[in-house]
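Open your viewer and get ready to select residues. This short tour tells you where to click and what is there.

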Amino acid sequence: MAVHEVLAALADENRRGILLKLKEGKISSGDLAAALGMTPQALSYHLSKLKKADLIYETKYKNFIYYELNLSILDETILWINELRGGSDHEN
């Protein structure tokens, strides 16, 4: 996992919105663009950043491309942040 790519991907509000939509389940790129009110070009740009960070999966079926969350990368990122904080023993 490249932590810098994950954090860079998560830093953008549009990409966080995409991830929140994908939390609802697998969705086609066309439906995702419509749901978020994004142009296909803008969505494609953000999806490429999320794919580079391995935060999403892409699957193709006939003429459609579907996207879904890669929860294992999110789990790894949370573990890394928790280690940075000092693990579960860290108190505020």
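Which residue's side chain is joined to that of asparagine 70 by a polar contact? Select asparagine 70 and look: the partner is tyrosine 57, at 3.1 Å. A polar contact is a pair of N or O atoms within 3.5 Å; within protein, one must be able to donate a hydrogen and the other to accept it, and residues adjacent in sequence count only if both atoms are side-chain atoms.

Before moving on, note that this is a predicted model, where local features need pLDDT of at least 70, side-chain atom pairs count only at pLDDT 80 or more, and totals for chains, interfaces and linings use all residues. Residues are numbered from 1 along each chain as its sequence is written, and side-chain values use heavy atoms, leaving out hydrogens and water.

Stay on asparagine 70. It sits in the loop between β3 (64-69) and α5. Helices (H or I, at least four residues) and strands (E, at least two) are DSSP runs, numbered from the N terminus. Now show aspartate 54: its backbone oxygen is reached by the asparagine 70 side chain at 2.9 Å.

Next, select helix α1 (residues 3-10) and helix α5 (residues 71-85). Their axes come within 11 Å and cross at roughly 105°. Axes are lines fitted to C-alpha atoms, for helices over the stretch in contact, and angles run from 0 to 180 degrees between N-to-C directions. Show the side chains: Val3, Val6 and Leu7 in α1 meet Ile73, Thr77 and Trp80 in α5. Contact means heavy atoms within 4.5 Å.

Last stop: helix α2 (residues 13-22) and helix α4 (residues 40-52). They pack at about 80°, with axes 10 Å apart. Among the contact residues are Ile18 and Leu19 of α2 and Leu43 and Leu47 of α4.
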